[in-house]
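Here's a quick tour of the fold, meant to be read with the structure open beside you. Grab the viewer and follow along, sheet by sheet and then helix by helix.

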Amino acid sequence: MSDTIYAVSSGQPPAAIAVIRISGRQAIVAAAALCGDLPAPRRAGVRVLRRADGAPLDEALVLLFPGPRTATGEDLVELQVHGGRAVIAAVLSALGEQPGLRQANAGEFTRRALLNGRLDLTQAEGLGDLLMAETEAQRRAAQQASEGGVRRQVEAWGERLLALSGQVEALIDHSDEGDVDAHALQPVREAIRALASELGQAAAQPPVEGLRDGVRVVLAGPPNAGKSSLLNALIGREAAIVSAQPGTTRDRIEAGVVRAGTAWLLTDTAGLRAETADPIEAQGVVLADAAMRAADLVIWLGDDPPPVKALWVHARADMPERTITPVGPDLAVSARNGTGLEALWGELEGRAHALTPALDRPAFNQRQRDLLHSAVDAIARAGDTSDILIVAEELRVGRLAFDRITGRADVEAVLDALFGQFCIGK
């Protein structure tokens, strides 16, 4: 991290103002080269920014933040300039002419904050989700992670595990070559099993991806069952072509919608039939079957029972020959006149509660859940054995999994993938 980096950290120009951040050992020197006299640390000052030849660039608000108590853990300078494209380009060009400075890569400011101990890996992941949040539920879960909610929970478990490891080590120290009285080890094993049970319940909670990516709902059924019409009615716009000709939908058609703070991804699929001479339609049937099996929820619009677990809907309920709901379907719906649409949404929202994490506790992403499962397995093995040396080793494996969650161990393995999703100025 010897280079000093700079980038625009505000939104895309043009705008009223643009914030240009400079971070690194030469940040304050670089700022002085632009504006001469600098304001006091953490005090805003208006200064005229100039090129090396003295030509004025812009009048800006300048703020200095000496490290390490900064967002990146390094010396940090913010230049609040006018947000026109030409102004921004001129200031960035002047910074680029200074030796030792370069434009930041995607997520590099946050990456330096992580490597300098200003935040941990779970906070960085939460910040990435916060930048991408589009719904209130996504924002709340991401903000909790970015503010350290996941880290605090993992650290609390880690402290309990460390205390148990200390008790085990004490028993080993007072034993004769690992021969420990079973009665002395029993209460420790019970505490280990209790922790494993608690961790298992946390790992079994729905992942945060359910909030971030949306609840995946697939509409399936035979040809001309009303899938495309129902998709359009549910999202309130024409996303799928509706036709009386069977087999109109050949490929999967996806449409996103946000309802009551929850993101949904609805997918219209090709009509399912046992045989077809059309190779394109046959491929559509294969894709439809795959979509059904990968979905969080399936809405089945066929008259026969669904082939997979699904919410069975009696569709086209406005048609004279379909006004009576037969035995079997969960509810009747008409995309044409809106009958049953609110009831269908209510049923979907009720079932989605089991697919999305609660917002009153930390929510774990898939990477964190995988490591949490590894910790559960190791701690459970420790609780099931009477060999105290194996107990000690399994508890060590569990602690390592916790360290990997927060980034204390193997952090480099995930940094490129994580920060590649960030914007340049973050």
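One of the sheets here is open and built from 6 strands in the order β8-β9-β7-β10-β11-β12, with mixed pairing. Its edges are β8 (253-259) and β12 (331-332), and each of them has a single partner strand, so one side of each goes without a neighbour in the sheet. Keep in mind that this is a predicted model. Overall, the protein has 14 helices and 12 strands, and buried residues account for 46% of its 426 residues. Of the contacts between residues at least 6 apart in sequence, 61% join residues at least 24 apart.

- Strand β7 (residues 215-220) runs parallel to strand β9 (residues 262-268), and 5 bridges join the two.
- In that pairing, Arg-216 sits opposite Leu-265 of β9.
- β7 also runs parallel to β10, this time with 4 bridges, and Ala-220 faces Trp-300 of β10.
- β10 in turn pairs with strand β11 (residues 311-314), again in the parallel sense, over 2 bridges.
- Here Ile-299 has Leu-311 of β11 as its bridge partner.
- In a regular strand, side chains alternate between the two faces of the sheet.
- Strand β10 (residues 297-300) sends Leu-297 and Ile-299 one way and Val-298 and Trp-300 the other, and all of them are buried.

**What lies next to that sheet**

- Helix α9 (residues 227-235) lies across β7, β8, β9 and β10, and runs at about 160° to β9.
- Look for Ala-270 in the loop between β9 and α10 (279-294).
- Why does Ala-270 count as buried? Its relative accessible area is 2%, so Ala-270 falls under the 20% cut-off for buried residues.
- The C-alpha atoms of Ala-270 and Ala-288 are separated by 5.8 Å, though the two residues are 18 residues apart along the chain.

**The β3-to-β6 sheet**

- Another open sheet has 6 strands, ordered β3-β4-β5-β2-β1-β6, and its pairing is mixed too.
- The edge strands are β3 (45-50) and β6 (101-103); each has a single partner strand, so one side of each has no neighbour in the sheet.
- On average, neighbouring strands of this sheet are turned by 30° against each other, ignoring direction.
- Strand β4 (residues 56-65) and strand β5 (residues 76-83) run antiparallel and are joined by 5 bridges; Val-62 stands across from Leu-79 of β5.
- Helix α1 (residues 27-35) packs on the sheet and touches β1 (4-8), β2 (15-23), β3, β4, β5 and β6, with its direction at about 75° to that of β3.
- Helix α2 (residues 85-96) also packs on the sheet, touching β1, β2, β3, β4, β5 and β6, and its direction makes about 150° with that of β5.

- β3 and β4 run antiparallel, with 6 bridges between them, and Val-46 is placed opposite Leu-61 of β4.

**The α6/α13 helix pair**

- Two packed helices are described by the angle between their axes and the distance between the axes.
- Helix α6 (residues 149-173) packs against helix α13 (residues 388-406) at an angle of about 160°, and their axes are 10 Å apart.
- That angle makes α6 roughly antiparallel to α13, since angles over 145 degrees count that way.
- The crossing of α6 past α13 is left-handed.
- On the α6 side, the contact includes Arg-151, Val-154, Trp-157, Gly-158, Leu-161 and Glu-169.
- On the α13 side, residues in the contact include Ile-388, Leu-389, Val-391, Gly-398, Arg-399 and Phe-402.
- Sorted by class, the contact of α6 with α13 has 15 nonpolar, 4 polar and 3 charged residues.

Technical notes. Residues numbered from 1 in each chain as written. Predicted model: local features only at pLDDT ≥ 70, side-chain atom pairs only at ≥ 80, totals over all residues. Heavy atoms only, no water. Axes fitted to C-alpha atoms, helices over the stretch in contact; angles between N-to-C directions. Parallel < 35°, antiparallel > 145°, perpendicular 65-115°, else oblique. Left-handed = near helix turned anticlockwise from the far one by under 90°. Contact = heavy atoms within 4.5 Å. Nonpolar A, V, L, I, M, F, W, Y, C, P; charged D, E, K, R; others polar. Buried < 20%, exposed > 50% of the residue type's maximum accessible area, 1.4 Å probe, protein only. Pairing = 2+ DSSP bridges.
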